[in-house]
Amino acid sequence: MEKNMKRMKEKKKKKKKSKKKIWLWIVGSLLTIFLIFIGTAYYTIQKTMNKINTPLVEATDITEEAPKTMKKKEPFSVLLLGVDERSNDSGRSDTMIVITVNPEKQTMKMLSIPRDTRTEIIGHDTVDKINHAYAFGGVPMAMDTVENLLDIPLDYYVFINMEGFLQIIDTLGGVTIENDMDLTYDSYHFPKGELSLNGDEALIFSRIRYEDPRGDFGRQIRQRQIIEAVMKKASTPSVILKASDMLDVVGDNVRMNFTVKDLIQLQSIYKKMDSSIEQLSFEAEGGQMIDRIWYYVPDETELQQIQTELKTHLE
């Protein structure tokens, strides 16, 4: 009897040990898979960031600027450049949007600059359309020119190849916006009201100009809507499942001087923000023909008001 009891106890001990081994093996395997996933994700993120992170280089200097560091409560500004790149041509920044962020006030302001705005091109010693600044001197000249026009410092920039922008939207699964005007362009029809757009549709929607009675100003409204919709969609948890695809697309079409730490900080700031972004814009009137070229000439009083509003927001 005693021998049988001992055998029974030994069998139970062996079973417990084998169960522990199985659970340890399962937990170990899951942990290994998780670590491999994290490692791969980190490697992919780092690889993409190395590709897209491009510190500014002054046109007259071959040395890179000291990297900026984003602070939790410090206001900052971003210049968003949407460029149609062509073969053998640097392209023009037809989309120029300045975004100011005040983390403490939890507010954001977004200003579209008309691409035909007549202004001094800093570093080129000419007065021309503002979208030519990028063609003449790349991102640094575009930054200097916008800083001079608005009389505010620009801390960061984001460069987007507009052809690749549609891929970003498709990877996100499309965006939803509220269209304020019935519009038709070729075979594309955009009725008034809520619209769900894929990448191709969003790109056409953001480019319509002549079919809109507001011209370039109507286009600016739609561009801001698309950008705001993309920002909202990109901040949702579901994007994590598409992270790998997003990184590939972003790596091919985006350049910026944000670091990985900045982007993590930016995401935490954006989550606390009011969901709406205050939209600023210049008045539609202001077109002039100068030397047979059409320019948008901002009203001085209005320009000063916009400068003051942005300065106040940036404190």
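Me: How much of the protein is buried, and what makes a residue count as buried here?
Reply: This is a predicted model, and in it buried residues make up 42% of the 315 residues. A residue gets that label when its relative accessible area is under 20%. As for secondary structure, the protein comes to eight helices and 14 strands. Residues 24 or more positions apart account for 64% of the contacts with a separation of 6 or more.

Me: Why is Arg115 called buried?
Reply: Just set the value against the cut-off. Arg115 has a relative accessible area of 15%, and buried means under 20%, so Arg115 is buried. Arg115 is found in the loop between β3 (107-112) and β4 (118-121).

Me: And what does Arg115 touch?
Reply: Leaving out residues up to four places away in sequence, Arg115 touches Asp94, Lys129, Ile130, Asn131, Arg209, Asp216 and Arg219.

Me: What makes Ser196 exposed?
Reply: Again, check the number. Ser196 sits at 58% relative accessibility, and exposed means over 50%, so Ser196 counts as exposed. Ser196 is in strand β10 (residues 193-197). Apart from neighbours within four places in sequence, Ser196 is in contact with Val175, Thr176 and Glu201.

Me: Why is Glu163 called partly exposed?
Reply: Glu163 has a relative accessible area of 39%. Buried is under 20%, exposed is over 50%, and partly exposed is in between, so 39% makes Glu163 partly exposed. Glu163 lies in helix α3.

Me: Which residues does Glu163 contact, leaving aside its neighbours within four places in sequence?
Reply: Those are Leu203 and Arg207. Glu163 and Leu203 are 40 residues apart in sequence, yet 7.9 Å apart in space, C-alpha to C-alpha.

Me: Which residues meet where α3 packs on α4?
Reply: From α3 come Met162, Glu163, Leu166, Ile169 and Asp170, and from α4 come Gly199, Asp200, Ala202, Leu203 and Arg207. By class, that contact has five nonpolar, one polar and four charged residues.

Me: What makes α3 oblique to α5?
Reply: α3 and helix α5 (residues 216-234) pack at an angle of about 40°, with their axes 10 Å apart. Roughly parallel would need an angle under 35 degrees, and roughly perpendicular starts at 65, so α3 is oblique to α5. The crossing of α3 and α5 is left-handed.

Me: Which residues are in that contact, and how do they split by class?
Reply: Phe165, Ile169 and Leu172 in α3 meet Ile226, Val230, Lys233 and Ala234 in α5. By class, the contact has six nonpolar, no polar and one charged residues.

Me: Which members of the largest nonpolar core touch the most other members?
Reply: Of its 42 residues, those are Val158, Phe165, Phe190, Leu197 and Ile226. Helix α3 (residues 162-172) gives the most to this core, with six residues. A second, separate core of 28 residues includes Met96, Ile113, Val139 and Phe217.

Me: What does Leu197 touch?
Reply: Not counting residues up to four places away in sequence, Leu197 touches Ile169, Gly174, Val175, Ile177, Phe190, Ala202, Phe205 and Ile226. In general, nonpolar side chains tend to be buried together in soluble globular proteins.

Me: What makes the phi of Asp151 worth a look?
Reply: Most residues other than glycine have a negative phi. Asp151 has a positive phi of about 60° although it is not a glycine. Asp151 is in the loop between α2 (132-150) and β6 (156-161). At 44% relative accessibility, Asp151 falls between 20% and 50%, so Asp151 counts as partly exposed.

Me: Is Asp291 buried or exposed, and where is it?
Reply: Asp291 has a relative accessible area of 68%, which is over 50%, so Asp291 is exposed. Asp291 is in the loop between β13 (287-290) and β14 (293-296). Asp291 has a positive phi of about 55° although it is not a glycine.

Technical notes:
Residues are numbered from 1 along each chain as its sequence is written. This is a predicted model: local features need pLDDT of at least 70, side-chain atom pairs count only at pLDDT 80 or more; totals for chains, interfaces and linings use all residues. Side-chain values use heavy atoms; hydrogens and water are left out. A nonpolar core is a set of buried Ala, Val, Leu, Ile, Met, Phe, Trp, Tyr and Cys residues joined through side-chain atoms within 4.5 Å. Buried means under 20% relative accessible area, exposed over 50%, partly exposed in between (1.4 Å probe, protein chains only). Helices (H or I, at least four residues) and strands (E, at least two) are DSSP runs, numbered from the N terminus. Contact means heavy atoms within 4.5 Å. Axes are lines fitted to C-alpha atoms, for helices over the stretch in contact, and angles run from 0 to 180 degrees between N-to-C directions. Angles under 35 degrees count as roughly parallel, over 145 as roughly antiparallel, 65 to 115 as roughly perpendicular and the rest as oblique. A crossing is left-handed if the near helix is turned anticlockwise from the far one by less than a right angle, and right-handed if clockwise. Ala, Val, Leu, Ile, Met, Phe, Trp, Tyr, Cys and Pro count as nonpolar, Asp, Glu, Lys and Arg as charged, and the others, Gly among them, as polar.
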